[in-house]
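Me: Got a model I'd like to talk through. Can you take my questions one by one?

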Amino acid sequence: MLRRLQGMLVKEFIQVFRDTRTRTLLFVPPIVQMLIFGYAATLEVRHIPIAVLDYDNSQGSRELLSRFTASPYFDVRTYLSDRREIGNLIDRGGVTVALQINGGFAQDLGKGQTARLQVIVDSSNSNTALIAVGYINQIAARFAQEFQRTQLFRTAPFAPSRIPSIVLERRPLFNVNFDSQWFFVPGVIGNLILVMVVSLTAFAVVREREIGTLEQIMVTPIGRLEFILGKTVPFFLIGLFDTTLVSLVGTFWFGVPFRGNIGVLAIGSILFILCMLGIGLFISTISMTQQQAMVSGFFFNMPAITFSGFGTPISSMPEWLQALTYLNPLRHFLEVLRGVYLKGVGLDVLWPQMAAMSLLAFVMLAISVARFQKSLD
Amino acid sequence: MMDHDTIPVLAHDLVKRFGDFVAVDHINLEARTGEVVGFLGPNGSGKSTTIRMLCGLLRPSAGQALVAGFDVAREPEQVRRRIGYMSQKFSLYNDLQVIENIRFFAGMYDVPASVLHERTEWVLDMAGLAGRESTITGTLPGGWKQRLALGCAVLHRPSILFLDEPTSGVDPISRRRFWELIHAMAAEGVTVLVTTHYMDEAEYCNRLVLIFQGRIVASGSPTELKQQAMAGELLLIECDQLGPALDLLQQVPEARHVALFGKALHVVVPDAQTGIPRLRTALSAHGIAVSRIEPIRASLEDVFVSLTAQLSGQRT
């Protein structure tokens, strides 16, 4: 028993590590992707390109516009002189927002009447559009408030202090600066491990099926379990190594704080990798060619990532979908990752996630082992 | 090990269906110790499927097969310990060294450490690869690869060897060398079942089994087959206008089977004495000039073509 398993393992490791290209493929892409996704995956909306059409051309309108140029959220790209230019500019994606200040804006304000500010927004990306409109609202509101105060101060110097107002006192926990990288980097770790382990495992088996060596192995007395262990143990170890690698990038490159216990993260990673080995094996039992394995892998990866809470909150999904996400190992692993990284919580809090992943790993591996037959039909 | 009375390979009414398609249709088969049995048949006739069932790679849909005395459906693991299998696809690891492939399969077959060295040397010697142990297998020429694959399939000294088109894509000299190895093993008591569609290879077998559309249509030694199957005498005809001649002869009642062989026609007639003048007359009556017409010894290819032609005619 042990000799055959040992034989399988020796062979797998020789195959993985002999070829420089394969060796590189195991370790370089995860790091590169971690770097790319770490920067790219963000919900923050900054530097929104904006066009300005100022028909008023007054001190008041210029003052308002200066707040946009000073804001980190907006880049004023062009000053227009004709409103017909707006449509074209937005069509070509030159700007996301156009701001139109009509004539009489400052005058209306001075008279204490309602002054109108028109915003034309490209809402094809609804999220960005909503956020942009929100920022504009804030800037406009603050401008109006301060304008009122100055006006009041001029007419009745002691009155402004009596204007009632509500001030929000924010006390963010865990991520004080609302840095979205802190939120995304642990998620990217989960995604990368998912994609790596599932495809490596599926491909390793299907490739042997394709080149015919699987048939040759099937006629030897090797046990099903020996074969499966021989195929999965190497990718389990590689998966763990990759997890460590990308976690280090997350901590030392992106500066995401690691507040929890490394042991808790290790347990979570091991359970998650076991789930992914189960999925990879399952895909290999339903795929005859590497192409089929690739497509099946894709059909698993996309929903797994979408329904994990990686980018969009699970709480905003329909309820029946929310219930289904409990079957998604990535959902649980992301909670473990974020819990350990940002909140610093331990097993006392994360045990339900760990239990769920253990159960899922057991079920998936059991199904795959049962499906893996030493025959061709 | 097997005791002496056990018939190494015994199949009884073996059937394999894939959906509605019957790939193997009630095949009965027996191979004795030290016998080299050849499976002949066109592509898709069910040769490989039969071999795969005997190796325990496919489950029979009906019938029974005993290999080394064990039922292939119920005790496939017992069967696997006692057989060697080599498939038409080259199935060693191309990215491993020669010696790593040998060690891998030795591990899979649990070859005892005490004999590992001796077996390794034997395989290297047999494949002619001594001194090239650390060559990457994928860079070896076809003939070497194929002998190495055979070596890896017999590392555990199986008493039964299944070879599924082992020589496809290998040059003639390597093929001959390969067959010498097979005969050497058979001489030591190994039972060999081999599929091929090279007719010259079929002559190397002690016994041939012709499979057509999933059924055994003839079996016997090469010599027996030639005598039985032809049921008449074979004539070689050389003439001009081969195409019209072929069409014409198919209309002549005495000419049982007419087939094109290179630049000549092969025709089976019940009797050469009376057949030759009749055919000659028929041909010249249509203005076809015959340069040569004489009885020849049937080759296996004639047998094969004649049998499959008969059967195709019956079934369509």
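Me: Which domains does the assignment give for chain B?
Reply: Domain 1 covers 9-220 and domain 2 covers 227-315. The bounds come from an automatic or database domain assignment. Keep in mind that this is a predicted model: local features need pLDDT of at least 70, side-chain atom pairs count only at pLDDT 80 or more, and totals for chains, interfaces and linings use all residues. Residues are numbered from 1 along each chain as its sequence is written, while chains are lettered from A and ligands numbered from 1 in the order in which they are written.

Me: How far apart are the C-alpha centres of domain 1 and domain 2 of chain B?
Reply: They lie 37 Å apart.

Me: And how many residues of each are in contact?
Reply: 11 residues of domain 1 of chain B touch 10 residues of domain 2 of chain B. Contact here needs C-beta atoms, placed from the backbone, within 7 Å.

Me: Which elements supply the domain 1 side?
Reply: α7 (199-202), β9 (207-212) and β10 (215-220) of chain B each give at least two residues to the side that touches domain 2 of chain B. The largest share, three residues, is from β10(B). Helices (H or I, at least four residues) and strands (E, at least two) are DSSP runs, numbered from the N terminus.

Me: What's that side made of, by class?
Reply: The domain 1 side in chain B has eight nonpolar, two polar and one charged residues. Ala, Val, Leu, Ile, Met, Phe, Trp, Tyr, Cys and Pro count as nonpolar; Asp, Glu, Lys and Arg as charged; the others, Gly among them, as polar.

Me: Back to β9(B) and β10(B). How do they pair?
Reply: In the antiparallel sense, over five bridges. Two strands pair if DSSP finds at least two bridges between them. L208(B) sits opposite G220(B) in β10(B). The two strands form a hairpin with two residues between them, and Q213(B) in the turn has a positive phi of about 50 degrees.

Me: What about the hairpin of β12(B) and β13(B), which residue has positive phi there?
Reply: G262(B), near 65 degrees, and that hairpin has two residues between the strands. β12 (residues 257-261) and β13 (residues 264-269) of chain B pair antiparallel over five bridges. L260(B) faces L265(B) in β13(B).

Me: New topic. What's the strand order in the open sheet of four strands in chain B?
Reply: β2-β1-β4-β5, with antiparallel pairing. β2 (21-31) and β5 (70-71) of chain B are the edge strands, each with a single partner, so one side of each has no neighbour in the sheet. Inside the sheet, β1 (residues 9-18) and β4 (residues 62-67) of chain B pair over five bridges. V9(B) stands opposite V67(B) in β4(B).

Me: Which helix lies across β1, β2 and β4 of chain B?
Reply: α1 (residues 47-54) of chain B, running at about 120 degrees to β1(B). Axes are lines fitted to C-alpha atoms, for helices over the stretch in contact, and angles run from 0 to 180 degrees between N-to-C directions.

Me: Is A68(B) buried or exposed?
Reply: Buried, with 23 other C-beta atoms within 10 Å. The cut-offs are 20 or more other C-beta atoms within 10 Å for buried, 12 or fewer for exposed, and partly exposed in between, with C-beta atoms placed from the backbone.

Me: And where's D110(B)?
Reply: D110(B) is in the loop between α3 and α4 (113-127) of chain B. D110(B) is not a glycine either, yet has a positive phi of about 55 degrees. It is partly exposed, with 16 other C-beta atoms within 10 Å.

Me: Last one, chain A. How many helices and strands?
Reply: 14 helices and four strands. The radius of gyration of chain A, over C-alpha atoms, is 29 Å, well over the 21 Å that the globule rule gives for 377 residues, so chain A is more spread out than a compact globule. That rule is 2.2 Å times the number of residues to the power 0.38.

Me: What domains does chain A have?
Reply: Domain 1 (2-42 + 179-371) and domain 2 (48-162). Their centres, over C-alpha atoms, are 49 Å apart.

How values were computed: Two residues are in contact if their C-beta atoms, placed from the backbone, lie within 7 Å.
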